[in-house]
Amino acid sequence: MKKASEQLKAALDSIATLNMERALRCVRDVKDKEAFAQYADEVERIEEDYRLMVDYINLGYNDPERDNVYLKLLQRLYRTVSNMRMACLISSCPPFAEASRRAEYCPADSEKIRSMLENYVTDVALLGLESEETRRSKARAIYSRHNETMQALFSRIMISVQWSENEALFMEDILLSPVVDTVDARLIVSAVMLAAMNSFDPRKFSVMMNVYLKTTDEHLRQRALVGWVLSLIGFSGDAELGFVLFPECDMMLRKACSDERTAREVADLQKQIMFCMDAEKDHDRIQKDIMPTLLKNNNFNITRFGITEKEEDPMQDVFDPGASEHAMEAMEASFRKMIDMQKEGSDIYFGGFSQMKRFTFFSSIANWFYPFFTEHADISYTTDRLDNSRFMQILLDNGPFCDSDKYSFVLAMSSVIDKLPENMREMLGSGDALGHTVSDIDKENPAYIRRMYLQDLFRFFRLYPQRDCLVKAFSAPSHIFVAGVVFRHEGLDRYMAELASFMLKRRDYDSLSVLVNGYHNDDDVKWLLVEGMYYLETARPDVAMDRFDRILELQPDNERATAMLAKACLVQGEAEEAEMHYEKLCMLNPDNIGYALNYCVALTETEKYDEAVTMLYKLNYEHPESLETVRVLAWGLMGQGRLEQAEKEYERLLGSDKVTGNDRLNAGYCKWFRGELSAAADLFRKYKETEIVTAQQNGEPLTIENVFLNDWIMLERNGITPVSYRLMVSLIDAVERDEDVSK
């Protein structure tokens, strides 16, 4: 079936490019397999209709509806091939096979499904009329029975073929019904999302879009938003033609994103997905920078027999009176770091809870998406054991975890509750165990709701054991979904520059590369500016100059673009043009030291050292604290041949606590020019140990020889010959060899 799956995927890709002939060739070889027997007749009918269309063209008939007929044929073929591919997944992929078995317990009749969902709400409401003893036993039976229903319904939706119009209307009605439990509705919309992600269905997309636009339940609305966006990730990457195959979806998307609120939420969703992608990196940061402090200062011993409280050292206050206060301050600082990371959008709990997804609870796909509620039948035993404390209620209402982690937390607590010391059990009873909690206002914020749901999804697509059988969500480069062709329209154009700037500030050049390659707007000044800065940061100053030039065509007086163009010119080696731009900027802003310094750099690049040094002495007098001024001044003095004065400035730099690798390099040049070869070699060696080694570790092929050659004009001006250059390289190597021997 693996080969059949590959051919069906190739057929879908061909359909996305409107290539009917190639798609039919891909399907032809597999349609007669037993697993696809029910679809063979439809494939043959489509082939016959397509042949008739080609024959009419050969006969010279001009049909004004030909394009529409061809599109409808493609849509029929898409539905058929998608359904065949689902049959293939069910027969070859364990998650789909298991879902198929569970789905057998779900009624096929829509009205029976409606009745079960509505009766559940009624049954739960009637529990309030029962006595305490009766209520507990009846509740367990109701929740257990309903859990089986929802597991089966989730599975049925997950493996569903392309929906009919009636099926879509029924599901939309269920999701928007006021008499369907909100937890059920949220779980159902997650099932629709998962189905549409694995096999895009225009009607499933429209259901999620309509629920997003119509519901008054914010939790359901945010799940629907994430659902219809993620359903487009795989589809949008298939072809540059985008939604040509499904114009009704394109119209719906454009209309929705023309609304300011929707466009804003889609842009924010893109940022939040990027935060999710950083979860592993954030975990590493916590492990290296934060956890060592917390572990060092904790007051408990964890043993195989349980957790015990450490005995206080009576002599600690004698030898170090402030030890306990310092330890507490260090712990508080570490906690603040984590809280700040969380406020910024980081998923700080992923690393810890990723080890807690091996409970049998998570063997069911539906449970990864289940909104947290204490009556869930699969955790009822655990909740009974913790029922005497406020802990569960606080966890449900204000815990700073996503739903998946709340389930993990409760399941983990059930396995250790009996081994906890008495004072910790009391703390659980008081509800203080969670520490930082979320306020009622924050937890109802749409951005917070969406972030928690995305963390649920990220855990599933990263940790579910059979994830390789599913669509690759949260993976580069498709995670930058706004770069997809289906999102290229005016509604989101207004946020592209903001998103690009967000990526640039995070130095996420990989993500920004995806966006820049998928989107360009030659008339948006903000976009052009960020795009130019990206190319400048990624060593393509020539392309950056083109972007900044375009801005100045649109806005000749744009100061920021002029400054960035001047910088790009310097990097590109166009020093004369850079000098011209910086001179203009200095005239407009005579008090801007940054412009003045860069103007002086441009002057030194064009070998106008006298003019540059005159300005630099003035700047040095006006800004004696500016080490950047000293750096440029020292270089300018070397250009003038005033080596003694330059050496004094370099000594000043080398003696500061902000000395850089380039300071050592240039100071080495000054020593070299003055004939102090040993001292120069020592400075070059220190430069090599830091800057060059770091560059090589980052994959840059940098050597000391390359560095010398880059500055060859200055070296040659000061009497350095090719022989001198070679001997200096040998001297540096000799120093390193002597040090290795001494070690």
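Visitor: Which residues does Glu649 touch, not counting residues up to four places away in sequence?
Guide: Glu649 touches Val630, Leu633, Ala634 and Leu637 once residues up to four places away in sequence are set aside. A contact here means heavy atoms within 4.5 Å. Please note that this is a predicted model, in which local features need pLDDT of at least 70, side-chain atom pairs count only at pLDDT 80 or more, and totals for chains, interfaces and linings use all residues. Residues are numbered from 1 along each chain as its sequence is written, and side-chain values use heavy atoms, with hydrogens and water left out.

Visitor: Where is Glu649 found?
Guide: Glu649 is found in helix 34, which covers residues 643-654. Helices (H or I, at least four residues) and strands (E, at least two) are DSSP runs, numbered from the N terminus.

Visitor: And is that Glu649 buried or exposed?
Guide: Glu649 counts as buried because its relative accessible area is 13%. Buried means under 20% relative accessible area, exposed means over 50%, and partly exposed is in between, with a 1.4 Å probe and protein chains only.

Visitor: Stepping back, how many helices and strands does the chain have?
Guide: The chain has 39 helices and two strands. Of its 743 residues, 50% are buried.

Visitor: What share of contacts between residues at least 6 apart in sequence join residues at least 24 apart?
Guide: The share is 68% of those contacts in the chain.

Visitor: Which residues have the most contacts inside the largest nonpolar core?
Guide: They are Trp228, Phe369, Leu515, Tyr669 and Phe708, in a core of 214 residues. A nonpolar core is a set of buried Ala, Val, Leu, Ile, Met, Phe, Trp, Tyr and Cys residues joined through side-chain atoms within 4.5 Å.

Visitor: Take Tyr669, then. What is Tyr669 in contact with, leaving aside neighbours within four places in sequence?
Guide: Tyr669 is in contact with Trp635, Met638, Phe684, Val707, Phe708, Asp711 and Leu715. One of these partners, Phe708, is itself among the residues with the most contacts inside the core.

Visitor: Let us move to Leu153. Where is Leu153 found?
Guide: Leu153 is found in helix 7, which spans residues 132-158. Leu153 is buried, with a relative accessible area of 3%. Beyond residues up to four places away in sequence, Leu153 touches Cys106, Ile113, Leu117 and Ile188.

Visitor: How many residues apart in sequence are Leu153 and Ile188?
Guide: Leu153 and Ile188 are 35 residues apart in sequence, and their C-alpha atoms are 7.8 Å apart in space.

Visitor: Which residues of helix 5 are buried?
Guide: Helix 5 (residues 94-103) has Pro95, Phe96, Ala97, Ala99 and Ala103 as its buried residues. Their cover includes helix 4 (66-92), helix 7 (132-158), helix 9 (182-198) and helix 18 (365-369).

Visitor: Now the backbone. Which residues does a cis peptide bond join?
Guide: A cis peptide bond joins Ala476 and Pro477, with omega at about 0°. Pro477 is placed in the loop between helix 24 (446-463) and helix 25 (490-505). Phe474 is found in the loop between helix 24 and helix 25 too.

Visitor: What is phi of Phe474 near?
Guide: Phi of Phe474 is near 55°, a positive value in a residue other than glycine. Phe474 counts as buried because its relative accessibility is 4%. Leu18 also has a positive phi, near 65°, and is likewise a residue other than glycine.

Visitor: Where does Leu18 lie?
Guide: Leu18 lies in the loop between helix 1 (2-16) and helix 2 (20-28). With a relative accessible area of 24%, Leu18 is partly exposed.

Visitor: One more loop residue, Val438. Is Val438 buried or exposed?
Guide: Val438 counts as buried, at 8% relative accessibility. The loop that holds Val438 runs between helix 22 (422-430) and helix 23 (440-443).

Visitor: What does Val438 touch, not counting residues up to four places away in sequence?
Guide: Val438 touches Asn398, Gly399, Pro400, Lys443 and Tyr448. Asn398 is 40 residues from Val438 along the chain, and the C-alpha atoms of the two are separated by 4.9 Å.
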